[in-house]
Amino acid sequence: PLVISNRVNIWPEVAEAKAGLVVECDARSTAQAILTLLQNPALGQEMGERGRQWARRNLTWDSVAEQMLRVYHATIEGHALQQAGSPCPQN
């Protein structure tokens, strides 16, 4: 299972998949979540299995490559828009 802060970009997916505990980004919350999992090994096993299932469905090579292509295209488009709107001459 995961113990993940609500400042990590994938926390909504972890919460939705029930693959771990999402906590505030502080030591006390993290420690309490770890203790919860240590005191309830069955919960940890269930969350770990849900996480593995989620990863098998959502983190295939094809899906990750598709996500990366979207990021690259958005970056290129954003750069092109920024360049087009720039008042500075380009070389």
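Me: Among contacts in the chain between residues at least 6 apart in sequence, what percentage join residues at least 24 apart?

Reply: A contact means heavy atoms within 4.5 Å. In this chain, 31% of the contacts between residues at least 6 apart in sequence join residues at least 24 apart. The model is predicted, so local features need pLDDT of at least 70 and side-chain atom pairs count only at pLDDT 80 or more, while totals for chains, interfaces and linings use all residues. Residues are numbered from 1 along each chain as its sequence is written, and side-chain values use heavy atoms, with hydrogens and water left out.

Me: Which elements does the chain contain, and in what order do they run from the N terminus?

Reply: Helices (H or I, at least four residues) and strands (E, at least two) are DSSP runs, numbered from the N terminus. The chain has 4 helices and 2 strands, in the order β-α-β-α-α-α.

Me: How many of the residues count as buried, as a percentage?

Reply: Buried means under 20% relative accessible area, exposed over 50%, and partly exposed in between (1.4 Å probe, protein chains only). By that rule, 15% of the 91 residues are buried. Accessible areas come from the Shrake-Rupley method with a 1.4 Å probe; for residues, only the protein chains shown count as cover. The chain exposes about 7300 Å², and carbon and sulfur atoms supply 59% of that area.

Me: Which residues of H3 are buried, and which are exposed?

Reply: Gly44, Met47 and Gly48 are buried in H3. They cover an arc of only 105° around the axis, which puts them on the same side of H3; the arc is that of the directions from the helix axis to the C-beta atoms. Gln45, Arg56 and Arg57 are exposed on the other side of H3. The buried residues of H3 pack against strand S2 (20-23) and helix H2 (27-39).

Me: How many salt bridges does a search of the whole structure find?

Reply: A salt bridge is a side-chain nitrogen of Lys or Arg within 4 Å of a carboxyl oxygen of Asp or Glu. The search finds 2. In one, Arg52 pairs with Glu49, the closest N and O atoms being 3.1 Å apart. In the other, Arg70 pairs with Glu66 at 3.0 Å, N to O.

Me: Where do these pairs sit along their helices?

Reply: An α-helix has 3.6 residues a turn, so residues three or four places apart point the same way. Arg52 and Glu49 are 3 residues apart in helix H3 (residues 41-58), about one helical turn. Arg70 and Glu66 are 4 residues apart in helix H4 (residues 61-84), again about one helical turn. Arg52 is partly exposed at 43% relative accessible area, as is Glu49 at 30%. Arg70, at 49%, is partly exposed, and so is Glu66 at 48%.

Me: Which residues make the nonpolar surface patch?

Reply: Patches are made of residues with over 30% relative accessible area and no salt bridge; like charges are joined within 9 Å, and nonpolar side chains (Val, Leu, Ile, Met, Phe, Trp, Tyr) within 5 Å. Here Leu59, Val64, Met68, Leu69, Val71, Tyr72 and Ile76 make a patch of about 640 Å². Ile76 lies in helix H4 and is exposed at 57% relative accessibility.
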